[in-house]
Amino acid sequence: MLDRQRPAPSATRVFWCERVTYRTLEADEIAEVSRHMALEPAETIRFIRMNVRALAVGLSPLERHRALSWVEGGGCVGALAALHRGEPCGLSLSHGDAWIEWTVRPGIGLPVDAENLPSE
């Protein structure tokens with residue numbers, strides 16, 4: 001009987017997006033953290049755009065203009081270009097008394113082989 005070895009799993013480029021909401025504009029106390037992983041830069045930018053659009057109604061007029069300019073203009077295009085170059089990108093907004101930051105970092109992900117996961 002031959003012992004066949006499986007090929008080593010290949011690394012995949014991934015994009016890690018983190019949204020951190022701080023309780024105050026001074027960004028000293030974290031209220032909430034959410035994370036999202038994507039395989040394509042455009043997917044990550046879509047995730048941020050959806051988040052920002054959902055918040056836009058509750059933003060001050062100046063922040064709403066800034067947010068929607070990023071979502072529909074050069075900000076998201078620049079962020080997408082940065083991710084394609086392998087560079088991180090981000091966006092931050094004030095929302096009432098809170099401060100929200102989105103950061104995206106390109107990284108490496110390894111595929112998970114379900115056969116090798118520990119059993120419970």
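**Figure 1. Overview of the protein chain.** Of the 120 residues in the protein chain, 30% count as buried (under 20% relative accessible area; exposed is over 50%, partly exposed in between; 1.4 Å probe, protein chains only). This is a predicted model: local features need pLDDT of at least 70, side-chain atom pairs count only at pLDDT 80 or more, and totals for chains, interfaces and linings use all residues. Residues are numbered from 1 along each chain as its sequence is written, and side-chain values use heavy atoms, with hydrogens and water left out. The protein chain holds 3 helices and 4 strands (DSSP runs, H or I of at least four residues for helices and E of at least two for strands, numbered from the N terminus). Their order along the sequence is β-β-α-α-α-β-β. Among contacts with a separation of 6 or more, 58% join residues 24 or more positions apart (contact: heavy atoms within 4.5 Å). The accessible surface of the protein chain is about 8,200 Å², with 56% belonging to carbon and sulfur atoms (Shrake-Rupley method, 1.4 Å probe; for residues, only the protein chains shown count as cover).

Figure 2. Threonine 21 sits in strand S1 (residues 12-22). Is threonine 21 buried or exposed? Threonine 21 counts as buried, at 11% relative accessibility.

**Figure 3. A nonpolar surface patch.** Trp16, Met37 and Leu39 make up this patch, with about 300 Å² of accessible area together. Patches consist of residues with over 30% relative accessible area and no salt bridge; nonpolar side chains (Val, Leu, Ile, Met, Phe, Trp, Tyr) are joined within 5 Å, like charges within 9 Å. Methionine 37 belongs to strand S2 (residues 30-38). The relative accessible area of methionine 37 is 37%, so this residue is partly exposed.

**Figure 4. Helix H2 against helix H3.** Two packed helices are described by the angle between their axes and the distance between the axes. The axes of H2 (residues 61-72) and H3 (residues 74-84) come within 4 Å and cross at roughly 50 degrees. H2 is therefore oblique to H3. Axes are lines fitted to C-alpha atoms, for helices over the stretch in contact, with angles from 0 to 180 degrees between N-to-C directions. Angles under 35 degrees are roughly parallel, over 145 roughly antiparallel, 65 to 115 roughly perpendicular, and the rest oblique. From H2, Ser69, Trp70 and Val71 meet Gly74, Gly75, Cys76 and Ala79 of H3.

Figure 5. Arginine 35 lies in S2 and glutamate 18 in S1, so the pair ties together parts 17 residues apart in sequence. Arginine 35 is exposed at 64% relative accessible area, whereas glutamate 18 is partly exposed at 24%.

**Figure 6. Two further salt bridges.** Arginine 23 pairs with glutamate 29 in a salt bridge, with the closest N and O atoms 2.9 Å apart. Arginine 23 is partly exposed at 46% relative accessibility, and glutamate 29 is partly exposed at 43%. Glutamate 63 and arginine 66 form another salt bridge, their closest N and O atoms being 3.0 Å apart. These two residues lie 3 residues apart in helix H2, about one helical turn. Glutamate 63 is buried at 9% relative accessibility, while arginine 66 is partly exposed at 37% relative accessible area.

Conventions:
A salt bridge is a side-chain nitrogen of Lys or Arg within 4 Å of a carboxyl oxygen of Asp or Glu.
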